[in-house]
Amino acid sequence: MSKVKKAIIPAAGLGTRFLPATKTVPKEMLTIVDAPIIFYVVEEAVKAGIEDIVLIAGRGKHSIEDFFDTSYELEDRLAKEGKSHLLDRLAHIRSMANIISIRQKQALGLGHAVLSGLPVVGKEPFAVLLGDEITMGFRGEPNVTAQLVSSFNETETSTIAIMEVLEKDVSKYGIADVEEVKPGFFKVNSLIEKPKPHQTKSRWALPGRYVFDSEIMNLLKNATPSLNGEIQLTDSMKVLCESRGLNAMTFKANRYDAGD
C-alpha cells in the first residue's frame with residue numbers, strides 16, 4: 001500500500017454562511033488572526049507529510065492560487081528591507097509541497113469536488129481536508145491529518161475523524177453510525193448526511209478530515225445526486241463501509257469552526 005502523500009482541499013463553495021464578506025472575498029481567504037483560513041488547512045497537510053496538495057477551486061477563486069504563488073515584487077522589497085522573515089511560513093509551505101489547482105466547473109457537491117482531484121490522485125491513497133474546519137494539534141503532538149495518516153498506514157483501511165456533538169447540532173454534519181473497537185477507535189457501520197436528530201441515534205459527527213484509499217474514487221464515479229441534488233461524499237463512504245470497510249477515530253487537537 002502506498003504512503004499517503006497527496007491531499008485534496010475542496011475550495012469551490014460559495015461561502016453563503018460568510019455573507020456579505022464573501023460577496024467579493026472567497027471564504028477560504030478570510031483572515032483568522034494573521035493568515036487566511038486556507039493557509040491553516042494547507043499547513044496542517046504539509047505537517048502531516050503531504051507532498052501534493054490539490055485545491056479544488058471554482059469561479060472567482062483566483063486569489064487563492066495567487067496567495068500560494070510567488071510575488072517577486074513583494075518578496076524583493078521585503079528582502080531589501082530586511083523583513084523577509086514575514087513570509088517565512090509561506091515560503092516553507094511552498095518548499096515542502098506542490099500546490100496544484102483544479103477547476104470544479106459546476107458546484108455539484110462535496111463528492112463531485114473530491115472526484116475532481118482524480119487526475120492528480122490517480123490510484124494512490126489521499127487525504128481530504130475541508131476548509132470550514134480548522135484543527136490545531138497540541139504542541140509536540142501530530143495534527144489530526146497526521147493521526148489519520150498514521151492509522152491508515154497501519155491498517156491499510158480508509159479512516160475518518162469523528163467527534164461527538166450535541167443533539168441540536170446533528171443536522172449540521174454528516175453523522176457516522178459506529179461500533180467501538182478499542183478506546184478512540186471505531187468501525188463505521190453506516191453514514192447519513194445532515195439528518196434530523198430523530199433520524200439517527202448516533203451523535204458522532206464528521207469534522208472534515210478523512211484519509212481514503214483509491215476505491216472511494218471508483219465509487220464516486222458511479223454516484224448519483226441525493227440530498228440537495230448533489231453528489232454526497234457520505235453516500236460513497238456508506239458503500240465503502242459495506243465493501244472494503246471504513247474506520248473512524250477520535251482525535252487529540254483543538255478544533256474551530258471557521259463559520260463561527
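## The main core

The largest nonpolar core here has 43 residues, and I9, I38, V42, I53, L55 and F68 are those with the most contacts inside it. A nonpolar core is a set of buried Ala, Val, Leu, Ile, Met, Phe, Trp, Tyr and Cys residues joined through side-chain atoms within 4.5 Å. "Buried" means under 20% relative accessible area, "exposed" means over 50%, and "partly exposed" is in between (1.4 Å probe, protein chains only). Who supplies this core? Two or more residues each come from strand 1 (6–11), helix 1 (37–47), strand 4 (52–57), helix 2 (62–68), helix 4 (88–96), strand 6 (126–129) and helix 7 (144–155). Helix 1 gives the largest share, 8 residues. Helices (H or I, at least four residues) and strands (E, at least two) are DSSP runs, numbered from the N terminus.

Take I9 as an example: setting aside neighbours within four places in sequence, I9 is in contact with I38, V41, V42, I53, V54, L55, I56 and L129. Contact here means heavy atoms within 4.5 Å. There is also a second, separate core of 33 residues, which includes I160, I216, L220 and A248.

## About the model

This is a predicted model, so a local feature needs pLDDT of at least 70 and side-chain atom pairs count only at pLDDT 80 or more, while totals for chains, interfaces and linings use all residues. Residues are numbered from 1 along each chain as its sequence is written, and side-chain values use heavy atoms, with hydrogens and water left out.

Now for the strands: 11 of them form an open sheet with mixed pairing, in the order 5-4-1-6-13-8-14-11-10-12-9. Strand 5 (98–103) and strand 9 (163–164) are the edge strands, each pairing on one side only. Two strands pair if DSSP finds at least two bridges between them.

Strand 6 and strand 13 pair in the antiparallel sense over 4 bridges. Across this pairing, V128 stands opposite Y210 in strand 13.

## Rings that meet

A search of the whole structure finds 3 aromatic pairs. Rings of Phe, Tyr and Trp (its six-membered ring) pair if their centres lie within 6.5 Å; planes under 30 degrees apart count as stacked, over 60 as edge-to-face and the rest as tilted. F126 and F212 make a tilted pair, 6.0 Å centre to centre with 50 degrees between the planes. Because F126 lies in strand 6 and F212 in strand 13 (residues 209–212), the pair ties together parts that are 86 residues apart in sequence. Both of these residues, F126 and F212, are buried. Ring pairs also link F126, Y210 and F212 into a cluster.

Then there are F186 and W204: their ring centres are 5.1 Å apart and their planes are at 50 degrees, so this pair is tilted. F186 in strand 11 (residues 185–193) and W204 in strand 12 (residues 204–205) are 18 residues apart, and the pair links distant parts of the chain.

Is F186 buried or exposed? F186 is buried, with a relative accessible area of 6%. Leaving out neighbours within four places in sequence, its contacts include I162, V178, W204, L246 and A248.

R203 lies in the loop between strand 11 and strand 12. Its side chain reaches the backbone oxygen of T200 at 2.9 Å. Not counting residues up to four places away in sequence, R203 touches M163, E164, V165, E167, V170 and P197.

Key. A polar contact is a pair of N or O atoms within 3.5 Å; within protein, one must be able to donate a hydrogen and the other to accept it, and residues adjacent in sequence count only if both atoms are side-chain atoms.
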